[in-house]
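Welcome! Let's take a friendly walk through this structure, one place at a time.

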Amino acid sequence: MNQVSALFKKEWIDFFRNYRLLILATVFFILAFSSPLTAKFMPEILGNFLPKDVADSFPTPTVFDSWQQFFKNFSQIGLFVFVLIFGASLSNERQHGTLVIPLTKGLSRTSVILVKSLFSMIMWTIVYVLSVLVVYGYTIYYWPKEDVQHLFLSVFLLWLFGIFVASVLILGNVLFRSFFGTLLFAVGILIVLFIISLFEKLKDLSLIRLISENNLVLHGEYVWSDYTGVLITTTICIIACHLLAIVLFNRKGI
């Protein structure tokens, strides 16, 4: 337990000193603040530069537009920034040999994997939840009389995909010593997921559904029971990534 707490403290200090916390929080909050604002005012802004008949054809912004912008921002920019920040959390230390002394003094390799992965998941959860609250507050302010059903399911799916990405990154950090290698690995996994989603028989289990159907969920086209298969598949993939990362890291040289 002392090892785990010490590792968490080290991760937090490095995360803070290297400005990664500042970068992650800043980007996520900018995306959160801009989502409802973009949905609310972008048609009006574009209307000032377009012909009147074109501007009048724009539909009136609704609460769904705000959340649609949120899911678009976070499934693309938000996750990309998350990958950039945590894509080298372990590989950097392997490159610089900073883990050699702690490991020779009895530090558990399993603890290293679990703490680094858990730390990235906690950071993702904190900034994501705070961002959701920001969007929710602004959305209520601009559309006080409108409400959406199934909001929790919709935001939960994107959160879970972020957790899956964190597990992929820790596995990539074990497989490769460079950030570039980990990044290519994560991109490769994403491409595989997209290919799987093209097959009709596998579509219901495709993890891409976690970031592609959020708006449909808001409109009530999907409910919790429709995601039983993909939730089980995602959980298995997350566990498998961690188990494989632990096994490989215990066999690899530092």
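Predicted model: local features only at pLDDT ≥ 70, side-chain atom pairs only at ≥ 80, totals over all residues.

Our first stop is Ser 206. You will find Ser 206 in the loop that runs between helix H9 (179–197) and helix H10 (209–212). Its relative accessibility is 2%, so Ser 206 counts as buried. Which residues does Ser 206 touch, leaving aside those up to four places away in sequence? They are Leu 193, Ser 197 and Val 230. Have a look at Gly 229 as well: 23 residues separate Ser 206 from Gly 229 in sequence, while their C-alpha atoms are 8.9 Å apart in space.

Next, let's turn to the surface. Leu 133 belongs to helix H7 (residues 109–142). With a relative accessible area of 53%, Leu 133 is exposed.

Our last stop is the largest pocket, which holds about 360 Å³ of space. Its lining is made of 17 residues, and those nearest the centre are Ser 75, Leu 79, Val 83, Phe 161 and Leu 190. Helix H4 (63–86), helix H8 (151–175) and H9 are the elements that each give two or more residues to this lining. Which element provides the largest share of the lining? That is H9, with seven residues.

Technical notes:
Residues numbered from 1 in each chain as written. Heavy atoms only, no water. Helix = DSSP H or I, 4+ residues; strand = E, 2+ residues; numbered from the N terminus. Buried < 20%, exposed > 50% of the residue type's maximum accessible area, 1.4 Å probe, protein only. Contact = heavy atoms within 4.5 Å. 1 Å grid on protein atoms, 1.4 Å probe; cavity = no way out; pocket = protein on both sides within 12 Å on 5 of 7 lines; lining within 4 Å. Points joined across faces, edges and corners; volume = space filled by probe spheres on them.
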